[in-house]
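I opened the model to look up charge pairs, ring pairs, nonpolar packing and surface patches. My notes follow in the order I took them.

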Amino acid sequence: MEHPEGGEGALEAGAHLIGSPGSNYIANALSTHKSLEAAIADVHGRGALGKYSSCEPMLGLLDHHGVHRAETYRSVLEGATAALIDRIQNKTSPMPHNKLLQLLEVSFQFIKLPELRAIPLAVLGELNPVPAARLKQISDDAELFESLPSTVQHQVWEVNSQLLRRHAMPSLRAFTQETATTMHALDMDLILAPLPNSNLKQQTKPLPTLPRSKLRSGSPSLQTLMNMVIKSRKLYVEMCKFVRQYYGEKGDPAICALRSQLLMALHDSGQAAELCAHDPTHKLAWCLDACWRDKRM
């Protein structure tokens, strides 16, 4: 019995031997053809380079030199992928927006295939905005989200504030544990316990004065939070809400300090002038930061 054109293992019009449809087609071909050779011929007829007359001489030459077909196909795929990505990311002659959308439509179905994932990710990285339906799909897949370009992650956070909170919370918690936060942002002295069997009383040693901007740039959690919101006023406003809510829940003074330190970190970056200008507390935070630096009001 020849392989049926319809049925469970049949390919839809325009479909390829990739992913689940391809696996199902091959499995069905192996189970329905009279012989293994017939099944292989069927699959080759639908997906092999040999069906293109221009490829036959080169494939024969590579066979003659002992190059396995699997290696040939892998090399062709890698080369074609690299060429397509170069075209997608070409800044000199950008791909038109409608072409990017078309390419995303046909490639997104392969985003979970390691060999093809780079193509839809490259398209997503060039789209701003990314279609809302795709952002929703991405936000539901934690593993996929981690592989996205940062510009796309920001767009996902803009449509899913709970996901933003989930990614921000580890850094919010870490900020309260950083030595620089505890000792400098709150203007505390370092208390040294007396040595065992020592007659010395408990000692207090003031910390050396460091520029606040240096402390901010050296805070991993603060830098993470800043980079999450630096490109978006909406994300910044949401982050400030999270800080207020978290301070209300915990009452930790370090979280209270985070509100001004996040704003001043954006100020220090030199990349968020418009965002800072929209924050009504910017001038106050800037003034207090200068007072701290100069040790006078």
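Entry 1, a charged network. I started with R216, D268 and D289, which are linked in a network of salt bridges. I keep in mind that this is a predicted model. For the link between D268 and R216 I noted 2.6 Å from N to O. Is R216 buried or exposed? R216 has a relative accessible area of 2%, so I put it down as buried. D268 has 35% and is partly exposed.

I counted 10 salt bridges in the structure. One of them joins K91 to E126, with the closest N and O atoms 2.9 Å apart. K91 lies in the loop between α4 (69-88) and α5 (97-107), while E126 belongs to helix α6 (residues 118-126), so the pair ties together parts 35 residues apart in sequence. I noted K91 as exposed, at 62% relative accessible area, and E126 as partly exposed, at 27%. I also looked up K136 and D140, whose side chains meet in a salt bridge at 2.9 Å, N to O. Here K136 is partly exposed with a relative accessible area of 48%, and D140 is exposed with 54%.

How many aromatic pairs does the structure hold? I found 1. The rings are those of F145 and W157, 5.7 Å centre to centre, with 50° between the planes, and the pair is tilted. The pair links distant parts of the chain: F145 is in helix α8 (residues 142-146) and W157 in helix α9 (residues 150-159), 12 residues apart. I checked the cover of each residue against the cut-off for buried, which is under 20% relative accessible area. F145 has 3% relative accessibility, so it counts as buried. W157 has 6% and therefore counts as buried.

I stayed in helix α9, where H154 is found. With a relative accessible area of 12%, H154 is buried. Which residues does H154 contact, leaving aside its neighbours within four places in sequence? I listed N227, M228, K231 and L235. H154 and N227 are 73 residues apart in sequence, yet 9.7 Å apart in space from C-alpha to C-alpha.

Apart from neighbours within four places in sequence, L124 is in contact with L104, F108, I111, V130, I138, L148 and V152.

Last, I looked for nonpolar residues on the surface. I26, L30, L36 and I40 form a nonpolar patch there, and their accessible area together is about 350 Å². The elements giving two or more residues to this patch are α1 (19-32) and α2 (36-47). I recorded L30 under helix α1.

Methods
Residues numbered from 1 in each chain as written. Predicted model: local features only at pLDDT ≥ 70, side-chain atom pairs only at ≥ 80, totals over all residues. Heavy atoms only, no water. Phe/Tyr/Trp six-rings, centres within 6.5 Å; stacked < 30°, edge-to-face > 60°. Helix = DSSP H or I, 4+ residues; strand = E, 2+ residues; numbered from the N terminus. Buried < 20%, exposed > 50% of the residue type's maximum accessible area, 1.4 Å probe, protein only. Contact = heavy atoms within 4.5 Å. Patch = residues over 30% accessible without salt bridge, like charges linked within 9 Å, V, L, I, M, F, W, Y side chains within 5 Å. Areas by Shrake-Rupley, 256 points an atom, 1.4 Å probe, with all protein chains shown as cover. Salt bridge = Lys/Arg side-chain N within 4 Å of Asp/Glu carboxyl O.
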